[in-house]
Amino acid sequence: MVGVKNGRVAAIKGDKENTINRGLLCVKGFYLHKIVYGKDRLLHPLIRKNGKLEKATWDEAMSLVARKFSEIKEKHGADALAFYGSGQGTTEETYIANKLFKGHIGTNNFEGNPRLCMASAVGGYLTTFGADEPVGSYDDIDHADLFLLIGSNTSECHPVIYDRLVARKKKDPRVKFIIIDPRKTPTNKIADIHLQILPGYDLALMHAIARILIKEGYTDEQFIKDSVKFSDGKKAISYDDYKKFLEKFTPEFAAKQAGVSAKDIVKVARMFGEAPNAVTMWTMGVNQRTRGVWMNNLIHNLHLLTGKLGRLGSDSLSLTGQPNACGGVREGGGLCHLLPGHRKVANPKHREEIAKIWNVPVENIQPKPGKHTMAMFEALTTEEIKGIYIMCTNPAQSLPHLNKYLPGMKKAFVVVADAFHPTETTKLADVVLPAAFWSEKEGVYGCTERRSQHMPKSIDPQGEARWDGDILMDLARRMGYGKNFEHFKTPEDVWNEYLLTTKGRDMDLTGAPYSRLREVRGLRWPVPTEDHPGTRHRFTEEDPLFPKEKAKGRRMFFYNRPDGKATIYARPAKGPEEPTDSEYPFAFTTGRVLEHWHTMTMTGQAPALVRAVPKPYVEIHPDDARKLGIADKDEVRITTRRGELDLMARIIDRPRPGTLFVPWHWAEKLANLLTIDAIDPGSKEPEYKVCAAQVRKV
Ligand SMILES: Nc1nc2c(c(=O)[nH]1)N[C@H]1C(S)=C(S)[C@@H](COP(=O)(O)OP(=O)(O)OC[C@H]3O[C@@H](n4cnc5c(=O)[nH]c(N)nc54)[C@H](O)[C@@H]3O)O[C@H]1N2
Ligand SMILES: Nc1nc2c(c(=O)[nH]1)N[C@H]1C(S)=C(S)[C@@H](COP(=O)(O)OP(=O)(O)OC[C@H]3O[C@@H](n4cnc5c(=O)[nH]c(N)nc54)[C@H](O)[C@@H]3O)O[C@H]1N2
Ligand SMILES: [Mo]
C-alpha cells in the first residue's frame, strides 16, 4: 500500500488483506519509495550524437526510432528487427509490444528475460503435464507436511514465501524441510537435512529417490494407473521399463555422482515417501542448467509417483523469479514461438484467432518461431539483426558470456526504455527512453500461482517519463500502424482486448476484468466467469475446466492431453556442459543476495540497501582458502575459459568445498564475463549455475 503526500510516494506498507504476503514486505519493497526518486532516475529522452548520449525531446527521439526501424524493415526485412522485453513489465505492456512486433512489423524476433529464468520450468510443465504453470498454489504451503527446496535460496530470494514456510513449521513442528543446494544459505535455518551436492550433478540423485520410493512401496499405484504414463523422452515406455531404467540409480551410484552420502539419500527419499503431503519448490539452481527441463521433469516424477499432487498440501511448485514472468510473458505469449493465451505461432488456427483480435491479415504473423534470446543477441553480432527495442531489462549485464555478446549491442541500432540511466545497456544505446516506474503506472501482474493482480497508479511519472505502453503506441503510430492501437486509451482497454485472447483457453481470465481485479487481491485462473472464485488446483474437480465425464472417476485429468495423463520421464543423468578438470578445478556458480535485485539499477538507488551489501565478492570455502593461501578480504582473480575477474575473497563456510559463489549484482564487476552461454537444448536457457574456473591470489 502506497502512502502519497503532495503527489509524492511518502511511505509503503504491506496489505494485511493480501492473501499471499499477509501484509509482509521484503526489504527491497520497503525501499521502493526511495528508489522512485533515486539519483539515477532518468527524466528525459537521450539520443547518441557524435558518440555521446545527449538530452533530446520526445519528438526527436521517437521520430528517430520510427525512421530507423522503418528503414531497417524496408531494406533488410522485418526479421532484421527485434524486441527484447521482461518479466517485470505489466501484461498490458507486453501485449502491446507483441501486437506491434508480431502482428504489425511482422517479426517473431520477440523475446524476454524469462528465457534466462523460467524457460526450463515452462519446458518441464509442458512436457510433463501438457500445460504450462503449476497445478497447485501457495495455499498448499499451509498444509504440507514436508518441503523439498531444491536449487532455491528461498530465504533471500522469496523472503515473503520463506516467512510463510517458517510459520508453517512453527505451527506444526513435525513439518520437515529437505534442502538440496551446493551452498549453505540462510534458507538452511529451517533445514532438517541438507544435501550439499556438487553443482550440476543432481539428476542421478532425483532418480535414486524415485527408485527408493518405488522399492519401498511409497507409490500411489491407483493414481499411476489412472493418470500417469511413461516415456524415455523419445517414445512411450512401460512402468516396468521405467523401473528397469532406475535400477542403476542406487543410492551409492547417485551419492558418488552428487558428492553426498548414500545414507542421506535414502533418508531423504523416506522422508518424502512418508509425508502425507509434500510441496517441492525450486528456482534457478534447477532451471539455469543445460539439463534444466530434465531436472524439472525429474521433480515432477516424484510427485506423480506418490500422487502428491492436485490436493491441498501437495504440489510441485516452481517459484517464479520476476513479478510478471508468468503473466505477461508465459500467458501473454512474450517469447519468439508464442502468441497470447498459451498459443503458438506455428499453429495456423492460433495465428488466425490472434490475427482476428489484432485486426490484421493472418499473413502478418509469421508461422516460424523467431530467434530465442541467445540466438537473437548472437544475430546482433553477425548484423543479421540490425535494430532492437529493449524494454525493462538490462541484458548488457544479465546475459552470460558477455565478451561474446557486447560487441553486437555496439553495432546495432539499440533503443532502450528504462527508468534509470546509466545502466550497462543504456550506456550502449543509440536512444534511451525514460519509462514510468512502479507506482507511476497501472497494470496487471501474474505470479507463480496463476494469480493475476491489479496494480493501481499512485502518482504521476517523474520528469518527462512515460508509460511503456504509451511509448510503444507512439512508435506504432509513427511507423504507420496507429489504427489498431487507437482504441487503447487506458491500460484497462488493453487488458480488455487481452482477455479476449484468454477466452476458452486453459488460462481463461474472462472472469477477471479490472472492475473485479480492483476489488479483490488477485484471481487465479482458470476464472471463466465473473462469479467464479478462481482455481486453487488445476486438473481436479475444483477446476471449472475439469471434464467430469471423460475423467470417469479419476482424481486428476490432465485435460490438455487427450488421454488425460501426465508423463514420468526416464531422462539420462547428464552433468554440466563444462565439468571441472585439472586446469579449471573449481565449479563456478552465481546467484543473489537478499538486499539486491539483479543488475542493481534499482536497489543501487537506496542507500540503506547499498550499505547493507556494498561491495562485490566471491565466497570461498575455508578449506580451499587455506590450500591456496587466500585470506579473508584478499583480492583474488577468477578465470574461466571466457574471461577473468578480480574480486574480494569472502572466506566462509557456505559454498561446498571446490565451488565458488559470486553474487552477480555489481556492474563494476561483471560476473557474466565468466559464465558460460551453453543452453538447454529444449528451453534454450543458459547454464548460469555451473561452469569451470580457476582462482588465485592476485
Ligand atoms: N533478493 C533477491 N531476490 C530475488 C531476485 C534478486 O535479484 N534478488 N531475483 C528474482 C528472480 S528473477 C529469480 S529468478 C529468483 C532466483 O531465486 P533463486 O534461484 O533462489 O536464487 P539464486 O541465488 O540465483 O540461486 C539459488 C541457488 O541455486 C543453487 N545452485 C547452484 N547450482 C545448483 C545445482 O546444480 N543444483 C541445485 N540443486 N542448486 C544449485 C545456488 O547455490 C543458489 O543457492 O529470485 C527472485 N528474487
Ligand atoms: N550470472 C547470472 N546472470 C543472470 C542470472 C543469474 O542467476 N546469474 N539470472 C538471470 C535471471 S533469472 C534473470 S530474471 C535476469 C534478469 O536480468 P535483467 O532483467 O537484465 O535485470 P534487472 O536488473 O531486473 O533489469 C530490469 C531493468 O528494468 C528497469 N526498469 C524497472 N522498472 C521499469 C519499468 O517500469 N519500465 C522500464 N522500461 N524499465 C524498468 C530497471 O531499471 C532495470 O534496468 O538475469 C539473468 N542473468
Ligand atoms: Mo529470474
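Predicted model: local features only at pLDDT ≥ 70, side-chain atom pairs only at ≥ 80, totals over all residues.
**Entry 1: domains**

I began with the layout of the chain. I found the protein chain divided into domain 1 (1–30), domain 2 (40–116 + 324–506), domain 3 (119–318) and domain 4 (586–697). Domain 2 is written as two segments, 40–116 and 324–506. I then looked up one distance between domains. The C-alpha centres of domain 1 and domain 4 lie 32 Å apart.

**Entry 2: ligand 2**

I went back to ligand 2. I find 33 residues around it. The closest are Gln88, Ser398, Asp418, Lys441 and Thr599. An oxygen atom of ligand 2 is 2.9 Å from an N or O atom in the side chain of Thr601. A nitrogen atom of ligand 2 sits 2.7 Å from an N or O atom in the side chain of Asn672.

Next I checked the cover. Ligand 2 exposes 930 Å² when taken alone, and the protein buries 98% of that. I also asked which elements give two or more residues to the shell around ligand 2. They are helix H18 (395–398) and strand E17 (413–418). I sorted the shell around ligand 2 by class and got 15 nonpolar, 13 polar and five charged residues.

Why does ligand 2 lie between domain 2 and domain 4? I put it down to the shell: domain 2 (40–116 + 324–506) and domain 4 (586–697) both give residues to it, so ligand 2 lies between them.

**Entry 3: ligand 1**

I turned to ligand 1. I find 33 residues around ligand 1. Asp181, Gly200, Met284, Arg592 and His596 are the closest. An oxygen atom of ligand 1 is 2.8 Å from a polar backbone atom of Asn153. A nitrogen atom of ligand 1 is 2.8 Å from an N or O atom in the side chain of Asp202. A polar backbone atom of Val593 lies 2.9 Å from a nitrogen atom of ligand 1.

How much of ligand 1 does the protein bury? Taken alone, ligand 1 exposes 910 Å², and 99% of that is buried by the protein. I then looked for elements that give two or more residues to the shell around ligand 1. I found helix H6 (154–157), helix H13 (284–287) and strand E23 (586–591). By class, I read eleven nonpolar, 14 polar and eight charged residues in the shell around ligand 1. Domain 3 (119–318) and domain 4 (586–697) each give at least three residues to that shell.

**Entry 4: the cavity**

I count one cavity of 30 Å³ or more. The largest cavity has a volume of about 40 Å³. I listed its lining: Phe83, Gly85, Ser86, Thr94, Phe110, Glu111, Gly112, Val329, Gly334 and Met391.

Which strands each supply at least two residues of the lining of the largest cavity? I found strand E5 (81–85) and strand E6 (110–112). E6 gives the most to this lining, with three residues. I sorted the lining of the largest cavity into four nonpolar, five polar and one charged residues.

**Entry 5: backbone**

I finished with the backbone. Most residues other than glycine have a negative phi, and most peptide bonds are trans. I looked for exceptions.

A cis peptide bond joins His421 and Pro422, with omega about 0°. I placed Pro422 in the loop between E17 and strand E18 (431–434). E17 also gives two or more residues to the shell around ligand 2.

The peptide bond from Trp525 to Pro526 is cis too, with omega near -5°. I located Pro526 in the loop between strand E21 (523–524) and helix H23 (548–551).

Where is Phe539 found? I traced Phe539 to the loop between E21 and H23. Phe539 is not a glycine, yet I read a positive phi of about 65° there.

How values were computed: Residues numbered from 1 in each chain as written. Chains lettered and ligands numbered in written order. Heavy atoms only, no water. Near = heavy atom within 4 Å. Polar contact = N/O pair within 3.5 Å; in protein donor to acceptor, adjacent residues only side chain to side chain. Areas by Shrake-Rupley, 256 points an atom, 1.4 Å probe, with all protein chains shown as cover. Helix = DSSP H or I, 4+ residues; strand = E, 2+ residues; numbered from the N terminus. Nonpolar A, V, L, I, M, F, W, Y, C, P; charged D, E, K, R; others polar. Domains from an automatic or database assignment. 1 Å grid on protein atoms, 1.4 Å probe; cavity = no way out; pocket = protein on both sides within 12 Å on 5 of 7 lines; lining within 4 Å. Points joined across faces, edges and corners; volume = space filled by probe spheres on them.
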